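Here are my notes after a pass through this one.

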Amino acid sequence: MKRAFLPLTAICLSLLSGAPSLSQTATPEQLRQRVNDNVVFLMGGQPGATFNQLANDISLVVSDGYKLRVLSVEGGAAVQNVEDVLYLRNIDLALTTQEAMDYLKASGELGPNLNQRLTYIAPLFPNPLQILARGGATSINDLSGKKVNFNNKGSATAQFVPKLFKTLGINVQELYMTQGDALEKLRTGEIDATICSCPAPVPAYANVKSELGLKFVSVPYEKSIQANYLPAVLTNEDYPVLIAKEQSVNTIAASTILISFNWPKNTFRYERTAKFVDAFFSKIDEFHKPPRSPLWKSVNLATDIPGWTRFPAAQEWLNNWRKRNQTPEQKDKVVH
């Protein structure tokens with residue numbers, strides 16, 4: 001017992017007699033600066049939304065004590081998140097969709113030259129259009145004349161999917177609410193379907209029980225929508241309870257993008273974002289491990305987005321990576 005006690009005593013004495021910690025010597029202002037200098041704020045989504053889960057993954061993997069802290073912020077959705085990156089104080093990064101970026105650039109709603117003020121860090125995941133319905137519906141066409149929820153206002157789903165329905169000639173009664181509220185109304189029969197153009201699985205959908213009789217409906221990849229969407233498939237791996245192992249549901253998809261304001265080089269906000277980029281890209285393999293979302297295994301950091309500029313520090317990181325990995329096989333593995 002003495003042999004264990006003496007070293008412990010020595011350790012305690014050495015800590016007491018050693019150099020004082022920063023908290024003992026720094027002024028309150030110095031402590032405040034230390035806490036704030038290396039914090040980046042990442043706008044995710046609403047509770048129960050996939051954006052929120054993915055933002056939390058980024059925060060948990062990339063944060064490194066006081067060297068770098070990534071704080072995930074519960075926000076609105078794709079369209080609102082672009083506005084927040086541009087105008088909301090302290091927001092450094094956000095998750096959005098390419099369709100939201102392209103729409104806001106074309107419409108000019110957030111001012112001119114959006115592609116000069118907004119940059120992207122990297123494309124992340126496909127956003128399959130997921131339509132969960134009751135009453136035996138199997139195709140999007142079966143929803144004609146029905147009550148359909150298009151997610152909360154400000155989301156990419158609310159902004160773009162009603163137009164998609166009109167393009168396909170499907171007229172519905174449009175409703176707008178969170179997925180949690182929509183699922184409750186589906187259970188009670190007050191609405192017929194709820195929709196999310198989001199990375200799969202949507203946390204709110206993943207918790208739905210099979211006995212409720214809700215099913216995903218298919219979306220055809222028609223020529224009229226091929227300019228803005230890609231074909232996609234939902235499987236049992238996405239929703240083990242709602243989709244049988246031998247079955248799949250055909251749908252369409254857009255893309256999730258990680259964005260940043262285009263800070264000038266050699267500014268504090270630029271350097272802080274560059275520090276995030278280095279940590280995020282360097283740790284991408286850590287996102288492949290449980291309990292992170294399996295979506296991370298599909299990420300290709302090196303993919304370019306037509307019509308948009310990558311944040312300079314992110315482009316420099318990728319350029320340097322390519323120089324160190326010259327073989328074509330290795331160049332393709334920067335993503336996985």
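1. Burial first, since it comes up a lot: buried means under 20% relative accessible area, exposed means over 50%, and partly exposed is in between, with a 1.4 Å probe and protein chains only. Bear in mind that this is a predicted model, where local features need pLDDT of at least 70, side-chain atom pairs count only at pLDDT 80 or more, and totals for chains, interfaces and linings use all residues. Numbering runs from 1 along each chain as its sequence is written, and side-chain values use heavy atoms, with hydrogens and water left out.

2. The disulfide. With a disulfide taken as a pair of cysteine sulfur atoms within 2.5 Å, the count comes to one. Cys 196 and Cys 198 form it, with their sulfur atoms 1.6 Å apart. Both Cys 196 and Cys 198 are buried. The S-S torsion is about -60 degrees, so this disulfide is left-handed.

3. Strand S7. Helices (H or I, at least four residues) and strands (E, at least two) are DSSP runs, numbered from the N terminus. Five of the five residues of S7 are buried, so the strand is largely enclosed by the rest of the structure. Ala 193, Ile 195 and Ser 197 cover one side, Thr 194 and Cys 196 the other, and all are buried.

4. Who pairs with S7? Two strands pair if DSSP finds at least two bridges between them. S4 and S7 (residues 193-197) are antiparallel over five bridges; Ile 131 stands opposite Ile 195, and Leu 132 opposite Thr 194. Strand S5 (residues 147-149) pairs with S7 in the parallel sense over two bridges, and there Asn 149 has Thr 194 as its bridge partner.

5. Strand S4 is worth a look too. Of its 16 residues, 15 are buried, so S4 is largely enclosed by the rest of the structure. S4 also pairs with S10, antiparallel over eight bridges, with Asn 127 opposite Ala 254. Two bridges join S4 to strand S8 (residues 215-216), again antiparallel, and Leu 132 stands opposite Phe 216 there.

6. How big is the largest pocket? On a 1 Å grid over the protein atoms alone, a pocket is an open set of points where a 1.4 Å probe fits, with protein on both sides within 12 Å along at least five of seven lines; lining residues have an atom within 4 Å of a point. Points are joined across faces, edges and corners, and the volume is the space filled by probe spheres set on them. The largest pocket comes to about 580 Å³. It has 21 lining residues, with Glu 99, Ala 227, Asn 228, Tyr 229 and Ala 254 nearest its centre. Elements supplying at least two lining residues each include helix H6 (98-107), strand S4 (118-133) and strand S10 (248-261). Counting Ala, Val, Leu, Ile, Met, Phe, Trp, Tyr, Cys and Pro as nonpolar, Asp, Glu, Lys and Arg as charged, and the others, Gly among them, as polar, this lining has 13 nonpolar, five polar and three charged residues.

7. The second largest pocket has a volume of about 300 Å³. Its lining residues include Pro 126, Pro 128, Glu 237 and Asp 238. S9 gives the most to this lining, with three residues. By class, there are nine nonpolar, one polar and two charged residues.
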